[in-house]
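The following exercises are to be worked through with the sequence and the structure at hand. Each task is followed by a solution in steps.

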Amino acid sequence: MSTLPEGGGEHEEGGVNVALLKIYLNDHLAGSVMGLELARRARAENPGNSVGEYLDVFIGELREDRGTLLSVMSALGIERETLKQGLAWVGEKLGRLKLNGRLTGYSPLSRLVELEGLCLGTEGRLSMWRTLRRLARKDERLARIDFAALIARTEQQRRTLERLRQQASEEAFFEPGERAVVRFTPAHSNGRG
């Protein structure tokens with residue numbers, strides 16, 4: 001089995017461009033910072049409902065995935081780019097400034113947009129695990145990582161987040177009682193009898 005070069009070199013026997021792999025993994029590491037921050041914020045805004053309950057579990061899994069990614073980088077001798085991680089953290093904070101239909105506070109649109117962001121990040125993580133599973137065939141340093149299990153868990157996360165996203169879209173765009181399956185927030189009385 002061939003091995004990727006230690007910490008550098010552009011190409012190796014197997015045709016792997018390590019310089020690009022370093023960028024790729026650091027981009028995903030930065031994405032993990034954004035994803036964790038977004039999930040924490042969404043959990044804090046959704047206590048006591050199915051979104052908040054799921055995010056309690058999901059955040060733990062995101063931490064584990066980030067740890068696995070760091071292990072992959074360490075095994076391959078790829079250094080972390082802390083500036084990129086810092087920019088990702090700032091970017092997530094700036095993302096909070098977007099309009100959500102209310103001057104202050106959280107709205108059903110906030111929940112929907114956050115879940116969509118988590119869905120996108122999960123899709124990216126799934127692609128990364130699949131890519132790393134292919135690379136593991138070329139580098140024995142990755143052989144100890146169970147990419148099949150990571151892929152299966154991420155696929156389950158994707159299904160759960162998509163179900164929650166669909167429910168959030170119904171709450172955001174339909175009147176109470178009109179086609180909505182689950183309400184995350186109580187319907188407000190509009191004065192009609």
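**Exercise 1. Determine which residue forms a salt bridge with Arg-40, and describe the surroundings of the pair.**

Step 1. Arg-40 forms a salt bridge with Glu-37, and their closest N and O atoms are 2.8 Å apart. The term denotes a side-chain nitrogen of Lys or Arg within 4 Å of a carboxyl oxygen of Asp or Glu. In general, side chains of opposite charge can pair when their charged atoms come close.

Step 2. Because Arg-40 and Glu-37 are three residues apart in helix H1 (residues 18–45), about one helical turn separates them. Helices (H or I, at least four residues) and strands (E, at least two) are DSSP runs, numbered from the N terminus.

Step 3. Arg-40 counts as partly exposed because its relative accessibility is 29%, whereas Glu-37, at 15%, counts as buried. Here buried means under 20% relative accessible area, exposed over 50%, and partly exposed in between (1.4 Å probe, protein chains only).

The model is predicted, so local features need pLDDT of at least 70 and side-chain atom pairs count only at pLDDT 80 or more, while totals for chains, interfaces and linings use all residues. Residues are numbered from 1 along each chain as its sequence is written, and side-chain values use heavy atoms, with hydrogens and water left out.

**Exercise 2. State how many helices and strands the protein has, and characterise the protein as a whole.**

Step 1. The protein has five helices and zero strands. Read from the N terminus, the order of elements is α-α-α-α-α.

Step 2. The protein has 193 residues, of which 41% count as buried. Its accessible surface comes to about 10,700 Å², and 55% of this belongs to carbon and sulfur atoms. Such areas come from the Shrake-Rupley method with a 1.4 Å probe; for residues, only the protein chains shown count as cover.

Step 3. Consider the contacts (heavy atoms within 4.5 Å). Among those between residues at least 6 apart in sequence, 72% join residues at least 24 apart.

**Exercise 3. Find which parts of the chain the salt bridge between Glu-171 and Arg-111 ties together, then examine other salt bridges.**

Step 1. The side chains of Glu-171 and Arg-111 meet in a salt bridge, at 3.6 Å from N to O. Glu-171 belongs to helix H5 (residues 147–173) and Arg-111 to helix H4, so the pair ties together parts that are 60 residues apart in sequence.

Step 2. Are these two residues buried or exposed? Glu-171 counts as buried because its relative accessibility is 3%; Arg-111 is buried too, with a relative accessible area of 2%.

Step 3. Within helix H5, Arg-165 and Glu-162 are three residues apart and therefore separated by about one helical turn. They form a salt bridge whose closest N and O atoms are 2.8 Å apart. Glu-162 counts as partly exposed, at 27% relative accessibility.

Step 4. Glu-64, Asp-65, Arg-125 and Arg-153 are linked in a network of salt bridges. The count for the structure comes to twelve salt bridges.

**Exercise 4. Identify the backbone nitrogens that the side chain of Asn-17 reaches.**

Step 1. Asn-17 is found in the segment before H1, and it counts as buried because its relative accessibility is 16%.

Step 2. The side chain of Asn-17 reaches the backbone nitrogen of Ala-19 at 3.1 Å and that of Leu-20 at 3.0 Å.

**Exercise 5. Describe the aromatic pair that Trp-129 and Phe-147 form.**

Step 1. The structure holds two aromatic pairs. Rings of Phe, Tyr and Trp (its six-membered ring) pair if their centres lie within 6.5 Å; planes under 30 degrees apart count as stacked, over 60 as edge-to-face and the rest as tilted.

Step 2. One of the pairs is formed by Trp-129 and Phe-147, with 6.2 Å from centre to centre and 45° between the planes, and is tilted. Trp-129 lies in helix H4 and Phe-147 in helix H5, so the pair ties together parts 18 residues apart in sequence.

Step 3. Both Trp-129 and Phe-147 are buried.

**Exercise 6. Locate Arg-80 in the chain.**

Step 1. Arg-80 is placed in the loop between helix H2 (50–75) and helix H3 (82–95). Arg-80 counts as partly exposed because its relative accessibility is 46%.

Step 2. Arg-80 and Leu-70 are ten residues apart along the chain, and their C-alpha atoms are separated by 8.3 Å.

Conventions:
A polar contact is a pair of N or O atoms within 3.5 Å; within protein, one must be able to donate a hydrogen and the other to accept it, and residues adjacent in sequence count only if both atoms are side-chain atoms.
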